[in-house]
Amino acid sequence: MRLDIGVIKGDGIGPEIVTEAMKVLDKVGEIYQHELSYSQLLLGGASIDAHGIPLTDETVAEAKKCQAVLMGSIGGDAKVSPWYQLEPSKRPEAGLLKIRKELNLFANLRPAILYEELKGACPLKEEITEGGFDMMIMRELTGGLYFGERKTVEEDGVVTAYDSLTYNENEIRRIAKRGFDIAMKRHKKVTSVDKANVLDSSRLWRKTVEEVGADYPEVTLEHMLVDNCAMQLVKDPKQFDVILTENMFGDILSDEASMVTGSIGMLASASLNETKFGLYEPSGGSAPDIAGKGIANPIATILSAAMMLRFSLDLDKEADAIEQAVAQVLKDGYRTGDIMSDGKTLVGTAQMGDLICNRIKR
Ligand code: NAD
């Protein structure tokens with residue numbers, strides 16, 4: 001099969017970690033006989049250096065021609081980088097917001113996996129984390145409180161600020177559908193998180209998710225209030241498979257879930273639109289403090305590439321092969337500096353990529 005993949009290497013550690021993910025994808029291509037074709041795209045600081053702006057229309061058009069885009073992180077150190085002397089709309093991060101909007105990426109996926117081997121990095125008690133956990137947070141990304149009408153006014157000498165939380169049923173239906181589709185590829189359980197005891201938008205959320213769920217009889221649907229979910233994530237994270245939720249709740253819960261997994265260098269993510277297309281990237285930033293040193297952890301980007309194979313290209317076996325290779329490398333005791341612990345073998349970015357490649361099997 002021919003795979004057309006857009007690649008945004010990005011800034012800081014981006015080129016180092018994306019290079020390793022491409023190495024792993026090439027190895028998968030070789031073993032499973034896929035022809036990989038990469039289009040190199042510029043975004044963020046690299047695009048400012050080349051074109052004066054963080055994202056060109058040509059790059060957006062190129063990205064749209066690809067089946068999926070794999071991205072490193074963008075941006076630099078705001079205190080020293082000349083990119084941050086530019087007006088806000090020309091800075092690296094503006095390119096990221098623009099590409100998400102242009103590609104209509106309304107669904108954000110963040111897996112939170114605790115590997116048995118990295119249990120030490122988890123702040124929860126051992127009896128809670130025994131056996132590890134593996135959940136997927138699906139957050140609506142383009143609606144809700146962050147995009148609603150807002151204003152600050154002075155009324156009778158008192159300053160009052162308003163933010164509005166709005167969802168329509170179509171916005172809820174499309175994200176719910178993606179959530180159930182993803183649950184079908186996993187353990188077939190969706191926990192829809194809302195605040196339906198208080199908010200109208202949550203009551204519509206719950207009703208619409210139930211309607212969508214009726215089309216997925218194999219998937220178990222449960223509803224949970226957001227305050228309870230925040231507690232359950234630290235009390236019993238193993239109960240979750242797919243958590244489906246709106247923008248602000250997802251923003252907070254996904255950070256909480258990722259904290260309990262350990263290092264930022266392990267956290268993959270994806271943003272999807274209504275088609276199979278997605279943008280896949282590590283959750284961390286461009287880590288200018290360690291850029292160019294060959295010590296960044298490439299695993300989050302490699303796991304993002306596995307998500308790309310699974311969710312945009314429907315290559316589940318190939319995605320499994322990458323995930324198993326990562327788990328095996330950790331089991332064999334290899335660690336980059338961010339996840340290093342006593343008695344383990346310290347390796348750099350490229351060596352970690354090689355070790356994972358060597359463990360990919362059919
Ligand atoms: P950061 O995530 O880049 O770094 C935070 C800490 O985590 C640093 O100590 C860094 O060394 C470490 N770290 C991050 N990724 C790592 C990895 N793969 N391996 C080992 N250690 C890793 O956050 P920051 O310093 O606040 O931001 C730096 C730049 O990244 C800023 O310009 C910011 O705007 C940008 N950023 C970009 C994205 C994105 O591209 N989606 C996301 C977040 C931040």
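Q: Why is tryptophan 205 called buried?
A: Its relative accessible area is 1%, and buried means under 20% (exposed is over 50%, partly exposed in between, with a 1.4 Å probe and protein chains only), so tryptophan 205 counts as buried. This is a predicted model, where local features need pLDDT of at least 70, side-chain atom pairs count only at pLDDT 80 or more, and totals for chains, interfaces and linings use all residues. Residues are numbered from 1 along each chain as its sequence is written, and side-chain values use heavy atoms, with hydrogens and water left out.

Q: What makes the pair of tyrosine 167 and tryptophan 205 edge-to-face?
A: Rings of Phe, Tyr and Trp (its six-membered ring) pair if their centres lie within 6.5 Å; planes under 30 degrees apart are stacked, over 60 edge-to-face, the rest tilted. Here the centres are 5.7 Å apart and the planes at 65°, so edge-to-face it is.

Q: And what about phenylalanine 180 and tyrosine 216: why is that pair called stacked?
A: Their planes are 20° apart, with 5.1 Å centre to centre, and stacked means under 30 degrees.

Q: How do you know that tyrosine 216 is buried or exposed?
A: Tyrosine 216 has 12% relative accessibility, so it counts as buried.

Q: What makes the charged end of arginine 174 sit over the ring of phenylalanine 106?
A: The rule wants NZ of Lys or CZ of Arg within 6 Å of the ring centre and within 35 degrees of the ring normal. For arginine 174 the distance to the centre is 4.1 Å, and the charged end does sit over the ring.
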